[in-house]
Amino acid sequence: GAGIRFAAGGGLLVLGLFLVHFVLGLSLSVAPWLFVGIAAAGCVVGILRYRRALDVPGLIIHPLIALPAFAFLVGAMNDHGSYIVYSWDEFSNWLYWAREAWLLDTIRAPGMFWQNMAYPQGLPLALAFPNLFFDTYENSRSLVVQFLWHVGLLALFYDVVTRIMSRSFEFDIATARIIAWLFILGSLALEVTWTLVPQFLLSEKPQIYFLAGTIGLVLLALFDADYRQNTWFLISIGLVASVGYLLKPSYIVFVPVLTLFALVVAWQSRLKWSGIASIINKRTISTFLLILGPFVLVYFGWAGFLPFEKRGGCTADPLIVLHTLPQLWTDHETVVAPFFSALGSYLVSFKPQLTVIALIGVAVAFCDRRTAPVGFGLVLYAFGYVLALLVLYSACFSPYESAALSSFRRYTRVVLRLIHLVGPLLFIIVALRILDKYWYNITRNVM
């Protein structure tokens, strides 16, 4: 679907900038025009190849077209001026690094400010990208990147829901699209993934977009054998999943979940059980590598091209803090107890009704073999993320930041919003499958 292609393209923007700048050694200003040329060629090839199968009415009502058009009309009727930087992290880090990269036409120059923290520079490169077309820098242009990433996520889930409803439950395409739109509009109304146009240009929302996008693609692969056996689709899962680490090193927590997903999809890609040869064969191995391989390349690629000698610090490589886990026992009074107290308080205050519904969705996901891996993956990621966040406050932050639990709510919302988006969808899918199983065709007769 168009949403899946667009989401994969959003990931390719970051990976392409990394490839052009670090691997090929070209200046950043070359990338925009190179990408425009590739994109134009791709559009021409796509139109010529799929012109007969192009569903123009379906494309017009697709979120990929409808949501940007809506945002454009609202913006045209309400002149809100330029984007105002409000958050300190925006001003001192993410947008500062982006502006510095645009000004110097590189992020590899010695002494650049971002090198003090050694964050992977995927997000600053992406925020700088639209400004590389111009001689002046405006933060409003950077806002477009995160807005389109958000649109891409919603468009991806529109495609996923439409395909599952039409193929697994045999709804007609019009009904499937209505269900998908209801899910998208409901998510926007509840601000599950926050406002359509982001109000801050921080790293948490892009993490959610690519984490949720990966889970959405895996869910589709578990339900649809055609997608599961499509090489380009499997590559898309790998591309979307690999981008997260270049946005924030905390994405490393998702790797066990991604490995689980790769194993499950590879297992389901086998034709039938015929001994060990049906598991370890070309198809299953290639499926596993296509999903997990891009992340491995990105992780070691960033480690290899880090343009300075500093390797220490949690922000440079989060794996170095694993040896600090025993320290949590000694930090119980100062860090652990206040952390879980704050976590409990926030869980019961941030959209508690939605959290309950989402957790029910995650729980019932274990009732179906196709949704169970996604439910287990969410649980595994939630536990891993909370543990990583606890280690962050214990071993990485200053005593003042640890005592104040700096940015605690912002960090916690990454996993909460992910569960808020995927959990209700799992509930809907499992409920429909139960209805379909015990009351034959009741769902289709009602609709």
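A residue is called buried when its relative accessible area is under 20%, exposed when that area is over 50%, and partly exposed in between, with a 1.4 Å probe and protein chains only. By this criterion both Tyr251 and Phe254 are buried. The model is predicted, so that local features need pLDDT of at least 70 and side-chain atom pairs count only at pLDDT 80 or more, while totals for chains, interfaces and linings use all residues. Residues are numbered from 1 along each chain as its sequence is written, and side-chain values use heavy atoms, with hydrogens and water left out.

Aromatic contacts come first. A pair of aromatic rings is described by the distance of the centres and the angle of the planes. Rings of Phe, Tyr and Trp (its six-membered ring) are paired if their centres lie within 6.5 Å; planes under 30 degrees apart are stacked, those over 60 are edge-to-face, and the rest are tilted. Tyr251 and Phe254 make a tilted pair, with 5.5 Å from centre to centre and 50 degrees between the planes. Ring pairs also join Tyr245, Tyr251, Phe254, Phe261, Phe295, Tyr299, Phe300, Tyr381 and Tyr385 into a cluster.

Helices (H or I, at least four residues) and strands (E, at least two) are DSSP runs, numbered from the N terminus. Trp94 and Trp97 both belong to helix H5 (residues 88–104), where they are three residues apart, about one turn of the helix. Trp94 and Trp97 are both buried.

Two rings carry a charged group over the face. A charge sits over a ring if NZ of Lys or CZ of Arg is within 6 Å of the ring centre and within 35 degrees of the ring normal. The charged end of Arg141 lies over the ring of Phe134, at 3.8 Å from its centre. Lys205 is placed over the face of Trp194, 4.3 Å from the ring centre.

Helix geometry can be examined in H9. H9 is mostly covered, with 20 of its 20 residues buried.

Two packed helices are described by the angle between their axes and the distance between the axes. Here axes are lines fitted to C-alpha atoms, for helices over the stretch in contact, and angles run from 0 to 180 degrees between N-to-C directions. The axes of helix H11 (residues 231–247) and helix H13 (residues 282–305) come within 8 Å and cross at roughly 30 degrees. Angles under 35 degrees count as roughly parallel, over 145 as roughly antiparallel, 65 to 115 as roughly perpendicular and the rest as oblique. H11 and H13 are therefore roughly parallel to each other. The crossing of H11 and H13 is right-handed, a term for a near helix turned clockwise from the far one by less than a right angle, anticlockwise being left-handed.

Phe22, in helix H1 (residues 2–23), is buried at 2% relative accessibility. Phe22 and Gly304 are 282 residues apart in sequence and 9.8 Å apart in space, C-alpha to C-alpha. Leu143 is part of helix H7 (residues 139–167) and is buried, with a relative accessible area of 16%. From Leu143 to Leu201 the separation is 58 residues in sequence and 6.8 Å in space, C-alpha to C-alpha.

Asp105, in the loop between H5 and helix H6 (122–128), has a phi near 60 degrees, a positive value in a residue other than glycine. Asp105 is partly exposed, with a relative accessible area of 23%. Glu191 lies in the loop between helix H8 (173–189) and H9; its phi is positive, about 50 degrees, although Glu191 is not a glycine. At 35% relative accessibility, Glu191 is partly exposed.
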